[in-house]
Amino acid sequence: MSAWKGRQGLAALGVLLSMVVGRAVLLGGSWFNQDDFYLSGRAYDADLTLGFLVRDTAGHVNPLQQLTYWLVAHGAPYSWATVAVFVLALQTAAAVVLWLLLTRLLGERWSRVVLLAVFAWAPLTLATTLWWSAAMGLWPHVLCSLLAAYLLVRWRQGDARPVWAVVAIVATTAVGLLWHERAVLIPPVLYGVAVALADEATGWRRLWAALKRFRWLWLAEVLLLVGFLVGHGLLTDVEGGESTWKQRLEVSGSFLGRNVVPGIVGGPWAGELEGGAVRPALWVVIASAILALVGVWLLLRRGGPARRWGLALLVGYVAADLLLLLSGRAGFGSIIGLDPRYSSDTIHAAVLCVALCLRGSPPWLGLRFLSGASARVRSLALAGLVGAYGVASVAGTALLVPQFQNTEDKAFVATLRADFAADPTVVLFDRLAPADVVLPLVGSDSQLSRILAPLPEHLRFDEPSARLRQVADDGTLLPMELAGAIPAEPGPDDECGYPVRTLTREAPFVVPLDGRVVVRVSYFSAQESTVVVGAGDWHTEFLATRGPNEMWLVLPELPGTVEGLRLRGDGRSTVCVTDIEAGLPEQP
């Protein structure tokens, strides 16, 4: 049986095409955000070594993600088109594999088209599609999970040799684990599918039948998981945050009732957004819960022989997702349970599990008003069902997209690059990126010099310059101004200030300096001459040009306080340093 022939095949192609076009448009309007910046900066600054690939990143060890960051940072730095095509290709591949899997499970039933539409259009996956680092944690895992399930079903139906099937499934699981730790859920999903397909047994005997039939697969999967978990434990020492039982209950309620359930049925259709959290309206929570309960009731009453096992697998998968969330982030409170990044993978599990429940069920679930109706009525009912989910998805998408397209980050970098292009001679004062771009939680990795290093402009930071600029929170480059400047003592020469020649001169400040500050040196010279400026173990130099000028220096944080500066020239000309003052930059 071909998955692509007939009206159902055309309908599937239509669903896939609508998904590709819709997501391509939305991806085209999005950009990099938060983790994307600092992970790209780290990758650009690193050599492609095993140590880099398996480095601990906030408790995650994801070699294939690290490799992707490195390739993009060095080959197509901050090319959103490259990233968008990559993400869209992963989602499309996952949808194609799902269609093949649904065809294996349901045959030529129109329900497989409905389930494909649910997966393809669900707003639940928007946040993890439009944000690159989040997409790296979702789509490779979903693709590997669906591919492993497809390979298992194909084997179960007698279309694959056992040895090659085991090798292929284990390899797929290994790839998933190298992308993201969430792939530890793939083996339990496979076992749940095997139990649902164990038609030779009934009741609890299905558990043993599935275990016995694929025993070599389970042995290989267990060995793979044990090896992965041991290696992961050796490579990272990050532990889950502490939380109270009250916080865990709040997170669980938010995750299940206001995140997963509305998300699976195409919501949320109305609500408020706070950062990455989505607070659905009360009526949305109630309506989605009713729809979910009606769906569960229909499946239990009219589903196929494995309906209870299919629903049990879905419950187990959602519970495992919740457990992963509680183990690391429950301390954030209920708001973390509203973040769709942590629930977006449940959509593929829901579609797969419903397919297992429908397998072997009577047409149209045995509902008399549809089973006995004409073909025209059934077609209208099917179109109405798909259309209703489409409308719900459009409403959910319209609510979520403005929050998740990261347009502020794009505007920040675009403004900075445009201002720099207007005057490429400027040097930038290094600072932490605005919190809307990269949160300061990652420390020095959120410095502008780190996250903007991959840009092709090769921006310069903190170098001596007569054209030092500050970066405003909107990306605008502003002239440097000092707030509360501390001057140096007046020089010994009334006309020249501090005459700088080949001998070192000391220019003490009226008050010792502490910490990282900006220094403005005013001078005049008859001809060009190099001036070396030092303090403690730090020193730098600049070219003093003819006439009266000024030079901006960034004095780094040094041990202890800085009493003054050392000045020394190269002897080509006397450089008269008439004024020195230091301070913090005026807030832009």
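These legends go with a set of close-up views of one predicted model.

The model is predicted, so local features are only described at pLDDT of at least 70 and side-chain atom pairs at pLDDT 80 or more, while totals for chains, interfaces and linings use all residues. Residues are numbered from 1 along each chain as its sequence is written, and side-chain values use heavy atoms, with hydrogens and water left out.

**View 1. The whole chain, before zooming in.** The chain carries 20 helices and 14 strands; helices (H or I, at least four residues) and strands (E, at least two) are DSSP runs, numbered from the N terminus. Along the principal axes, its C-alpha atoms fill a box of roughly 105 × 50 × 45 Å. Of the 588 residues, 51% are buried, where buried means under 20% relative accessible area, exposed over 50% and partly exposed in between (1.4 Å probe, protein chains only). Among contacts (heavy atoms within 4.5 Å) with a separation of 6 or more, 76% link residues 24 or more positions apart.

**View 2. Helix H5 and the glycine that follows.** H5 runs over residues 80–106, 27 residues in all, and reaches 38 Å from its first C-alpha to its last. That is close to the 39 Å expected at 1.5 Å a residue, the expected span being 1.5 Å times one less than the number of residues. After H5 comes Gly107, with a positive phi near 65°.

**View 3. Helix H13, with a bend at Phe255.** The 20 residues of H13 (residues 245–264) should span 28 Å at 1.5 Å a residue, and the end C-alpha atoms agree at 27 Å apart. There's a bend of about 30° at Phe255; the bend is the angle between axes fitted to the seven residues ending there and the seven starting there. Phe255 is buried, and so are others in H13, including Val251, Asn259 and Pro262. Gly266 follows H13, and its phi is positive too, near 100°.

**View 4. Asp321, tucked into helix H15.** Asp321 sits in H15 (residues 307–329). It counts as buried because its relative accessibility is 1%. Leaving out residues up to four places away in sequence, Asp321 touches Arg182, Leu185, Phe255, Tyr342, Asp345 and Thr346. Phe255 in that list is the residue where H13 bends.

**View 5. Trp31 and the residues around it.** Look for Trp31 in the loop between helix H1 (6–28) and helix H2 (35–45). At 9% relative accessibility, Trp31 is buried. Its contacts, not counting residues up to four places away in sequence, include Phe37, Trp80, Leu130, Gln405, Asp409 and Val413. Tyr78 and Asn406 are also on that contact list, and each gets a view of its own below. Pro434 is 403 residues from Trp31 in sequence, with 16 Å between their C-alpha atoms.

**View 6. Tyr78, a non-glycine residue with positive phi.** Tyr78 belongs to the loop between helix H4 (63–75) and H5. Its phi is near 50°. With a relative accessible area of 8%, Tyr78 is buried.

View 7. Asn406 isn't a glycine, yet its phi is positive, near 60°. It is buried as well, at a relative accessible area of 7%.

**View 8. Glu563 in strand S13.** Glu563 is part of S13 (residues 562–569). Apart from neighbours within four places in sequence, Glu563 is in contact with Pro508, Phe509 and Pro512. Ala488 is 75 residues away along the chain, and its C-alpha is 9.5 Å from that of Glu563.
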